[in-house]
Every structure is written in C-alpha cells, then in structure tokens.
Amino acid sequence: RARNATHYAPRSRQTGGTFGRPLEVLLDRRTRALRMAYDLVRMQWAGWTTGDRTAVLTVPLGYIGGGKIAYDALYAIDVPRKTLLLNAARLDEQRLRDLSHLVGEYRPDSLRGFPSMLVLLARFLDVEKIRIRPRSVMTGGELILDWQRRFLEDAFGGTGFDRYGMWESVATASQC
C-alpha cells in the first residue's frame with residue numbers, strides 16, 4: 001500500500017473469486033466515481049430511470065449497490081436507492097418461493113442478477129402465479145446463453161441487457 005494512499009480515500013472491494021479465492025483490492029475515489037458513472041449509463045441504456053424500484057438477485061460479498069446484505073439474511077433494502085437486495089446464496093425451493101413473493105410485492109421497475117438466478121426466479125414466479133413486468137432486466141456475473149436471454153425476455157416481457165464488469169474496475173462492457 002502506498003504511503004499516501006489515504007489521500008485517495010481508498011475503499012476495499014473483494015472479487016467474486018472466480019479463479020480460486022477472492023482477491024481484495026483498493027479502489028480510489030476517482031475509480032469509484034468512474035464506475036458509478038458507467039453503472040448509471042448502462043442502467044439508463046437498459047431503461048432504468050432515477051427513482052425506479054430495483055430488485056437485485058445477488059450473492060452477498062459485501063457492499064452491493066450501496067447497501068449491505070448479511071450472508072444469512074433473506075434480503076435487505078437500500079432505501080435511498082429504492083433497491084431490494086435479494087440473497088441468492090444457498091438457493092433452495094423454499095428460498096426461491098420466498099424471494100418470488102418478495103419480488104411480487106415489491107413490483108420492481110428494474111431487475112438485475114446472474115442469468116441463471118434470474119431464470120430460476122422467473123420459473124418460481126410462474127409457479128407461484130406472480131406476474132411482474134419490469135422495464136429493464138439486466139444480467140451480469142456469468143455468460144448469458146441464448147436460450148436464457150430468450151427465456152428471460154419471454155418471462156418478463158421485454159429486452160434483456162447483459163453487462164460484464166470486474167470488481168477491480170479493470171475492464172467493463174455492456175450492451176447498449
């Protein structure tokens with residue numbers, strides 16, 4: 001760590017550990033600002049607007065979308081950002097049923113998550129006879145397969161948008 005690191009207001013972030021164990025990185029103020037700007041642009045490309053209710057299926061790795069979700073909690077709410085953080089760790093039938101009902105009650109304008117997790121959620125929403133029509137469905141975290149894209153677009157009635165980004169903020173890409 002550089003001696004003058006505190007000048008840059010570093011914050012710790014952790015990767016998902018795709019290739020082994022998670023890696024901790026420090027992101028400076030400028031990098032975090034650029035990442036937030038990119039996130040806003042890509043969400044707007046997908047149809048999200050300020051004030052939209054958003055539901056995010058995520059595996060808790062720490063701070064997600066400004067909120068913090070405990071590993072054993074079912075969900076958390078980031079009130080200022082109107083974001084429902086859904087804990088997708090240890091998905092089983094009961095947890096998917098519970099998450100489906102939370103999403104149904106919340107009625108998100110925007111839905112985000114791993115493609116595989118969103119497919120599972122969409123199937124449970126269908127089984128539970130819960131219908132939502134978010135304006136935007138955004139995927140990331142893993143490669144979206146063609147059948148998953150078609151399935152999600154049919155299930156939620158719109159176009160899906162995929163993105164790729166690294167917690168280290170080294171590389172990022174998004175559909176527009």
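Let's start on the surface. Y75, I77 and V79 make up a nonpolar patch there, together exposing about 300 Å² of accessible area. A patch here takes residues with over 30% relative accessible area and no salt bridge, with nonpolar side chains joined within 5 Å. A salt bridge is a Lys or Arg side-chain nitrogen within 4 Å of an Asp or Glu carboxyl oxygen. Areas are Shrake-Rupley, with a 1.4 Å probe.

V79 sits in the loop between β6 (75-78) and β7 (83-87). V79 is exposed, at 62% relative accessible area; exposed means over 50%, buried under 20%.

A word on the source. This is a predicted model, where local features need pLDDT of at least 70, side-chain atom pairs need 80 or more, and totals for chains, interfaces and linings use all residues. Numbering runs from 1 along each chain as its sequence is written, and side-chain values use heavy atoms, without hydrogens or water.

Now the whole chain. The protein chain has 4 helices and 11 strands, taken as DSSP runs of at least four residues (H or I) and at least two (E). Buried residues are 40% of the 176.

Next, the inside. The largest nonpolar core holds 22 residues. Such a core joins buried Ala, Val, Leu, Ile, Met, Phe, Trp, Tyr and Cys through side-chain atoms within 4.5 Å. L57, L86, L111, L121, I132, L152 and F156 have the most contacts inside it. β3 (54-58), β7, α2 (93-106), α3 (115-127) and α4 (146-156) each give two or more residues. α3 gives the most, with 6. Another core, of 5 residues, lies apart, with M43, A46, W48 and M138 among them.

Methods: Patches are made of residues with over 30% relative accessible area and no salt bridge: like charges are joined within 9 Å, nonpolar side chains (Val, Leu, Ile, Met, Phe, Trp, Tyr) within 5 Å. Buried means under 20% relative accessible area, exposed over 50%, partly exposed in between (1.4 Å probe, protein chains only).
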